[in-house]
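Please look over the structure shown below before reading on. The briefing that follows takes its topics one by one.

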Amino acid sequence: MGGARTICEQPNYHYEFGEACKSPDILFAFDFFRIPISLYPERGANRILISCSRMFKRLYHSVHSRPLLDLAKPEIRILSHALSKFVPKYGFSDRSIQNALLDLGYSNNGFVSVFKMNGHSDPVMSLINHHLLSQRQNLTLELEHLSTLKSETSKLKHLVTKRLLGNAPIIDHLHEALSYMILPSNMVASMAELHNLSDDISFYAGDRSNDFAWYSKRLALSTVYVQGELCMLKDTSEGFAHTIDFVTKRLDEIESLGYAYNSVEEWGGFTLMSTVNLIKSQLVRG
Amino acid sequence: MIRHSRNLIKLQSVRYASTKGKENSATENLRLGYLSDAQNAYMDRVIRVDQAGELGANFIYNGQYLALSHKRPDLKPILKHMWEQEIHHHNTFNNLQVERRVRPSLLTPLWKVGAMGLGIATGLMGKEAAMACTEAVETVIGGHYNQQLRVLTNQFHVDVVNEETGVNTPTVPEEIKDMQKLVSQFRDEELEHLDTAVEHDAHGARPYWLLTEAIKLTCRGAIWTAERV
Amino acid sequence: MLIVQQFQKRSFIIPSLISSGLSYLSKDIRLADKMEDGELHFPKTEFEKSQNTSRPLFQRPEPNYPGHVPLYNFEKLLMFLGSSIGAFVNPTNNNFIVSLGESTAFPWVLNRLRTQMLNDPSGRQILKERPHMTSKSLNLDELKNYPDNSLGKSYFLWLEREGVSPDTRVPVKYITDPELAFVFQRYRECHDFYHTITGLPIVREGEIALKLFEFMNLGIPMTGLGALFAPIPIKSSQRRRLLSVYYPWAVKNGTICKPLINVYWEKIMKKDIDVLRSELGIEKPPDMRELRKKARSKKKQVA
């Protein structure tokens with residue numbers, strides 16, 4: 001990633017996503033992100049920290065993320081290979097990993113280290129987790145396209161659809177993956193990943209909520225996603241059109257729910273204000 | 001693994017060293033480390049609790065303004081000025097929370113209701129009570145910001161390894177320095193509010209000790225909760 | 001639509017909240033707490049860097065002062081158990097009481113005492129100068145020439161009456177911090193002066209009464225334990241006298257008198273003892289030896 005340059009020259013000095021970095025490896029594309037709503041970068045050493053008159057704050061933080069999946073590590077490469085080549089055939093099992101090991105030229109002795117190194121004591125869970133992480137990472141490739149969409153809901157639809165379609169290669173084994181994930185020993189990890197997914201999707205769709213809506217949005221999104229996955233399990237339509245339709249409808253419902261809630265809140269506030277003013281006017285009357 | 005994969009975009013340290021004012025920047029090959037899990041956790045906490053705190057302050061001044069604007073129109077400019085500064089603070093932290101993908105406090109509706117109620121109650125109690133409430137809240141917030149500043153100053157070094165020589169000089173990254181300046185500036189403004197409140201007869205409130213200590217206790221409890229929940 | 005009806009409604013919200021929320025947040029909370037307490041990423045000072053604190057396993061830490069015997073926590077616990085039983089069964093053996101005192105002298109107790117000393121001018125002087133009481137430092141030979149009713153003369157007379165010497169104090173061995181060890185040593189050395197100023201003899205009964213007095217004033221756990229359990233195995237007449245006369249006296253005087261740990265005894269040897277008592281707020285209890293003699297003679301008369 002090149003040598004050091006002055007702050008002025010760095011492209012990642014401000015928030016940017018969607019712009020691929022120098023590396024040809026597509027999985028590192030998320031290193032630089034651009035938010036469509038970001039401000040114009042302010043070159044030069046005097047960075048204005050905060051300006052309340054502007055709605056979108058200058059993001060003085062240069063954002064640089066730790067790579068989600070470090071492809072330099074052999075374990076990660078083995079898991080990716082297993083996922084792409086062997087899981088569709090043999091499912092989420094030791095067999096896929098072992099085949100991948102042999103395929104890439106490692107000896108069978110490496111089997112234990114593959115899943116131990118990832119912090120999971122379990123090859124199946126490490127495969128499933130790798131699948132979840134790589135799918136989440138692939139969402140960053142959509143960011144370019146997302147900037148063409150206008151509303152937050154349309155972005156959400158696009159992202160959820162893309163994520164669900166990412167399950168397509170392994171759809172035959174998705175049921176075993178899901179049932180494995182809800183085992184109590186794996187529950188925490190899978191719930192955390194679900195939260196990460198909905199957090200990422202909400203963020204890329206441009207969610208800027210600051211209060212309880214943050215939680216309700218993510219919860220609703222997780223619900224929709226899980227329902228979509230479950231729907232996908234039994235879906236036999238072409239290109240999972242039925243699932244996509246279902247998910248789209250759910251997201252529309254969520255949007256209208258949100259709109260309804262905001263309207264009720266507004267109405268409530270207005271009524272309260274009017275009541276107070278009415279009382280005040282009556283008191284003034286004597 | 002779970003922890004590292006939590007966020008794709010997470011505030012990490014500056015990728016390249018800040019080479020402001022250094023001429024030989026182009027030739028230096030510095031590899032900056034990332035903020036550690038603990039540092040990230042603390043940053044999240046800072047933003048979460050400060051957002052909740054400024055939200056509370058915003059709503060307190062809102063309540064006080066609503067309660068007092070009718071009876072004491074002479075106080076309107078002062079209250080409005082302090083309120084507007086709090087709105088600015090609140091907006092700052094809102095934006096920080098969104099940028100850094102920090103989870104906001106779960107009990108935000110509770111803080112809204114509580115702060116508004118406190119503002120209105122003290123406003124209805126009178127000018128002195130409102131000023132005493134401001135004094136209490138700003139005292140707690142001043143100490144709180146100071147503590148955060150201490151940690152931000154002392155404990156946010158990241159490894160900066162010169163790739164040629166292999167020498168590691170831990171430095172505080174630019175973003176953290178900016179954060180320090182921000183917190184320091186806000187702390188100064190809060191203490192200014194404190195002085196304004198005292199100037200406007202905060203000590204005249206009756207019952208002074210009970211009111212201020214109860215409000216301070218509530219604030220500390222709210223801060224502790226917002227840091228965690 | 002068929003498919004939609006087929007798929008189950010799963011209870012999803014509550015389990016997800018519980019399982020993801022609690023375990024997910026706890027690690028962040030712990031780490032952030034540690035950061036706030038300054039336990040992580042705090043840059044080491046030059047001094048700290050020069051300290052080589054890493055030690056191989058199963059190696060006792062270094063002594064912090066001459067005579068220090070560093071103990072592991074389980075050893076301290078064993079010492080407490082052994083000395084508490086031993087002190088109860090055989091209180092005349094000094095070792096048990098000494099060990100009980102040191103095993104129950106928790107850092108927070110001694111810290112409290114040290115703070116008390118730091119808050120007082122003469123206490124500060126004691127901490128600074130760290131005087132150690134021996135028969136030489138107290139000039140026992142000169143004390144007999146001091147005016148009657150002075151502290152020094154009373155102390156000398158008391159030493160003669162009870163037949164003890166200030167040299168027999170056991171040095172503190174098991175307390176980790178050197179300054180806190182000194183505080184405890186000071187308490188041990190001043191014990192004789194507490195006897196002098198209250199007039200209690202070194203018989204078992206007197207020691208117990210003095211223990212309660214010390215507990216009310218200084219708060220050292222060993223004294224409290226002694227006051228609580230030591231009256232159990234003694235004679236019932238003595239116990240009655242203790243509980244009716246001396247315990248109320250000890251509670252009252254121990255609470256209201258000034259902290260005795262701050263008194264720089266060596267420097268006020270010439271002071272009149274009654275004046276000293278009134279300054280400190282101590283009333284002299286009934287003379288225990290007299291009461292015991294009276295009780296003994298009454299019993300002889302009856303028998």
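How many helices and strands does chain B have? Chain B has six helices and two strands, where helices (H or I, at least four residues) and strands (E, at least two) are DSSP runs numbered from the N terminus. This is a predicted model, in which local features need pLDDT of at least 70 and side-chain atom pairs count only at pLDDT 80 or more, while totals for chains, interfaces and linings use all residues. Residues are numbered from 1 along each chain as its sequence is written, and chains are lettered from A and ligands numbered from 1 in the order in which they are written.

**Confidence**
- The predictor gives the complex an ipTM of 0.84 and a pTM of 0.65.
- Chain C has a mean pLDDT of 88, with 92% of its residues at 70 or more, pLDDT being the predictor's confidence in each residue, from 0 to 100.

**Chain architecture**
- Read from the N terminus, the elements of chain B follow the order β-α-α-α-α-β-α-α.
- Chain C, by its own count, has 15 helices and zero strands.
- Of the 229 residues in chain B, 50% are buried, and of the 303 residues of chain C, 26% are; a residue is buried if 20 or more other C-beta atoms, placed from the backbone, lie within 10 Å of its own, exposed if 12 or fewer, and partly exposed in between.
- Among contacts with a separation of 6 or more, residues 24 or more positions apart account for 80% in chain B and for 69% in chain C, two residues being in contact if their C-beta atoms, placed from the backbone, lie within 7 Å.

**Annotated site in chain C**
- The UniProt annotation "binding site" covers His191(C), Asp192(C), His195(C) and Glu207(C); such annotations may be inferred rather than shown by experiment, their positions are given in the numbering used here, and feature names are shortened.
- These residues span 17 residues in sequence, yet no two of their C-alpha atoms are more than 10.6 Å apart, so they gather at one spot.
- His191(C), in helix 10 (residues 178–198) of chain C, is partly exposed, with 18 other C-beta atoms within 10 Å.
- Asp192(C) also lies in helix 10 of chain C but is buried, with 22 other C-beta atoms within 10 Å.
- Beyond its neighbours within four places in sequence, Asp192(C) is in contact with Val164(C) and Pro166(C).
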